Amino acid sequence: MGLNTTSQQSAPSKPAPLPAQHTAPKALLPAPETPVVQYIDTGKQVLRDRGGAAVTVHGKNFGDEDSEIEVRIGNTWCPHSEWISDETVVARSPEGVGKHLDVTVRVDSPSFRPAVGVGKELFSFSRPFIF
């Protein structure tokens, strides 16, 4: 009796393709460059407590056009923030009062974990005045 020496060879298996919109969990994404808030520009506006003034935040590492940008003045998030460039963000001031408030920029990019940068004591609301 002879042994059956024929072997069956199969084609090498290919890994299953990932779905087109697969993204890694945020915890596994690489850390981005930390945003750096250097200074703000409010023009010569009166920064009233009711908010709404345009505030230009200057710095670096603000991500790219695909990034979600949030700006906080003191402890209040601005109602609108818009990415302009890696070094500039424009936001509308929130309602509030106070002086020497921190300005925080949060960058959430599809390619990196969220990152936060803080500029210390950069923003002050105008003093109240009576007409």
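Modeller: A salt bridge is a side-chain nitrogen of Lys or Arg within 4 Å of a carboxyl oxygen of Asp or Glu. The model is predicted: local features need pLDDT of at least 70, side-chain atom pairs count only at pLDDT 80 or more, and totals for chains, interfaces and linings use all residues. Residues are numbered from 1 along each chain as its sequence is written, and side-chain values use heavy atoms, with hydrogens and water left out.

The count is three salt bridges. Start with Arg 106. Its side chain meets that of Glu 70 in a salt bridge, at 3.5 Å from N to O. Glu 70 lies in strand E3 (residues 68-73) and Arg 106 in strand E7 (residues 101-108), so this pair ties together parts 36 residues apart in sequence. Strands here are DSSP runs of at least two residues, numbered from the N terminus.

Arg 106 also forms a salt bridge with Asp 108, where the closest N and O atoms are 3.8 Å apart.

Now for exposure. Buried means under 20% relative accessible area, exposed over 50%, and partly exposed in between (1.4 Å probe, protein chains only). Glu 70 is partly exposed at 35%. Arg 106 is partly exposed at 24%. Asp 108 is buried at 16%.

One more pair remains. Asp 102 and Lys 120 meet through their side chains in a salt bridge, 3.4 Å from N to O. Asp 102 lies in strand E7 and Lys 120 in strand E8 (residues 115-123), so the pair ties together parts 18 residues apart in sequence. Asp 102 is partly exposed at 24%, whereas Lys 120 is exposed at 60%.

Definitions and conventions
Helix = DSSP H or I, 4+ residues; strand = E, 2+ residues; numbered from the N terminus.
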